[in-house]
Amino acid sequence: MPSKGGFRPATRARVSEDIFEQLAAAILDGELAPGTALPSERILAERLATSRILIRQAVHRLAELGLLRVKQGGATMVLDPAEAADVRAIELLYRHRKAGRARSEAALPAGDILDKQLLQGLCLVQ
């Protein structure tokens, strides 16, 4: 139901999801290469015009998938997406690849084995 002025309250889940998708795409496209440090929460919050809390939520979701390694007091490191074993990461790889957004095929391992893993992962997720 719209409030005065025709606006509705913003949902934080959508902002956090957008941040998650943008960071995941940067990792899968190779813009954030494996072994490099992720920019700090402060810098990411400035670039994405949001709060550090929402950045932290997205970063921890990516860490749960095996795409980032978070070290308290240290740099958050980008991990190789090809080595992510979490089924949700495989589904994310599949969606990203299917959407044709992957700019660098080097970011994704090629071959029949990966295709089989991606399809199995998608089936499990669904």
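Asp29 sits in the loop between H1 and H2; helices (H or I, at least four residues) and strands (E, at least two) are DSSP runs numbered from the N terminus. I then noted that the side chains of Asp29 and His96 are joined by a polar contact of 2.7 Å, that is, a pair of N or O atoms within 3.5 Å, where within protein one must be able to donate a hydrogen and the other to accept it, and residues adjacent in sequence count only if both atoms are side-chain atoms.

I keep in mind that this is a predicted model, in which local features need pLDDT of at least 70 and side-chain atom pairs count only at pLDDT 80 or more, while totals for chains, interfaces and linings use all residues. Residues are numbered from 1 along each chain as its sequence is written, and side-chain values use heavy atoms, with hydrogens and water left out.

Next I turned to Leu67, which lies in the loop between helix H3 (52–65) and strand S1 (68–69) and is buried, with a relative accessible area of 1%. Not counting residues up to four places away in sequence, Leu67 touches Ile27, Leu62, Met77, Val78, Leu79, Pro81, Ala84 and Leu92, a contact being heavy atoms within 4.5 Å.

I then asked which residues have the most contacts inside the largest nonpolar core. They are Leu23, Ile27, Leu38, Leu62, Leu67, Leu68 and Leu92, in a core of 24 residues; such a core is a set of buried Ala, Val, Leu, Ile, Met, Phe, Trp, Tyr and Cys residues joined through side-chain atoms within 4.5 Å. The elements that give two or more residues to this core are helix H1 (12–28), helix H2 (41–48), H3 and helix H4 (87–98), and H1 gives the most, with seven residues.

Technical notes:
Buried < 20%, exposed > 50% of the residue type's maximum accessible area, 1.4 Å probe, protein only.
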